[in-house]
Each structure stands twice: as C-alpha cells, then as structure tokens.
Amino acid sequence: MKKEAVKKRFLQYAASFKNGIKEVDINVQLKMDHTLRVLEEAEHLAHEENFSVEECLLLEYSCLFHDLSRFEQFAKFQTYNDIISFDHGERSYELIQNDNWLPKELSEREKKIISTAVRYHNKRFVPPDLAPEELKILFAVRDADKTDIFNILLNHLKNPENPAIVYKLSDFSGLSEKVAAAIMAEKSPDNADLETETDFIAAKFAWGFDLNYGWTCREFLKRDYFKKLRTALPEQTEMLDICLEKVVKFIQKKGNV
C-alpha cells in the first residue's frame, strides 16, 4: 500500500469516530489536524537533520500512526487522559500490529522501527535497550509531537473553549508538590500527579529537557514557546521563573544558539 493510500485510510478511519456529538467531533478533528501538523513538523526536522530517504519514510509512517488510538479513546471515554482510559501509545501499537496498517512492502526491520516509535512516543522514559536506528525515528516523533502540542496548548490558553486539551482540569492555584519537584529535577511529572490546570501547563516546562534534535530546540526558541507559556501561569510562582531560565539555557546549548 502506497503512502498516500495509507494516509487516506487514516483520515477515513479517524473521521469514522465522529458521531454528531459536538465534544466528540471537535476532539476527533483536533487529533486529525494534530497528526497532519506533526507530519509537517517532522518533515522540516528530517530535512534540517539530514535524514535519509528511508528514514524520512519511516518517520512519516510513525507520525501518521502515533496517535491512531486517540479517536477510539475520546469516543469511548471523552478524555485524552491515559490514566483514566488507556495508554494511547500502547493501544496505537496494538492497532498497527493487528489491523494491517503497516504496508506489506516494508521489511520486518522497518516495521519494527515504526512500531517502536509509535509505542514509546508518549512514555516518560525511553527504554534503554533500543537500537540507534530505532531511537533516531522515535526521538524525531517525540520532538515533532511536542512541537505541535505546544502550539495547541498556547492557542487553548488564548481561547479556552475545549477543556479536554488540559484533561478537563481546572483551577489555576499553586503547583502540586510532586509536580514542582519533578520540574526542578528536570523530569516530566507523572500524569497521575497532575491535580490542576496549573500542574498540566507547568509540566510542559520539563518537556524542554526531553528535546532531542537541534532543529527542535531552535524552533522552540524561535517560536518563544516557553516564555509564552510562562505568561499563562501564576506570577507568584518563583519556581517557574527558575525553571524557565534553566530550560532556555538547556535548549540554547543543545540547539547551538
């Protein structure tokens, strides 16, 4: 099956979860649009980081499939929160293994690289025993995914009409202790520890320490993502100002800026 045919099947599959309920339809479309933008971000990354033709193809399929289970997830549970539904990386991995999503012309090695990227794109920690060729694609998917999610979140903060984006959390009070500790340790907090919308948004600061490619770091700086995010959070939270400084220095160094 050719790439365009796979993409067409993906769009038809995703759209099949629209059911006329406004909240469901909006969020199915949100993830359809997100996937297509992640594909675009990944294309730019691959060009700037000199990926081979084969690597570009594997990256495209990985991005196309990375959120394949999100449509089922929202239709069934009306949430994107994996803690109260299912791990969408694991479920997307199951779908591409069982429903013939991977084109037959791909080798077993290529299928494994794609499957690994889909399965682990959303994990807090990447398995330590992955092959370099698996890590290259996985890290690119994780970077492209984060790049677009930041844009979604910032747009939501300007126009907060879809609470599902922030797991339907509310309350801009202070940070929870566990979330604050994780951020200061330069680690992503566990989603189970997110208690408020402030926690959800602040947790994205730690994403800066998980960026993998120079292109991504430079894009985050060029788009001023972290400073824009900081303006949406309580002014009195000094810890976030410290973290902002740390993360900007980190990505400046990694991006050779």
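View A. F71 counts as buried because its relative accessibility is 1%, where buried means under 20% relative accessible area, exposed over 50% and partly exposed in between (1.4 Å probe, protein chains only). The model is predicted: local features need pLDDT of at least 70, side-chain atom pairs count only at pLDDT 80 or more, and totals for chains, interfaces and linings use all residues. Residues are numbered from 1 along each chain as its sequence is written, and side-chain values use heavy atoms, with hydrogens and water left out.

By the ring rule (centres of Phe, Tyr and six-membered Trp rings within 6.5 Å; planes under 30 degrees apart stacked, over 60 edge-to-face, the rest tilted), the count comes to 17 aromatic pairs. One of them is the edge-to-face pair of F10 and F71, at 5.8 Å centre to centre and 65° between the planes. F10 belongs to helix α1 and F71 to helix α4 (residues 70-77), so the pair ties together parts that are 61 residues apart in sequence. Helices are DSSP runs (H or I, at least four residues), numbered from the N terminus. F10, at 0% relative accessibility, also counts as buried.

**View B. The pair F205 and F226.** These rings form a tilted pair, 6.0 Å centre to centre with 35° between the planes. F205 lies in the loop between α9 (197-203) and α10 (214-222) and F226 in helix α11 (residues 225-230), so parts 21 residues apart in sequence are tied together. F205 counts as buried at 0% relative accessibility, as does F226 at 2%.

**View C. An aromatic cluster.** F150, F205, W207, F220, Y225 and F226 form one aromatic cluster.

Key
Helix = DSSP H or I, 4+ residues; strand = E, 2+ residues; numbered from the N terminus.
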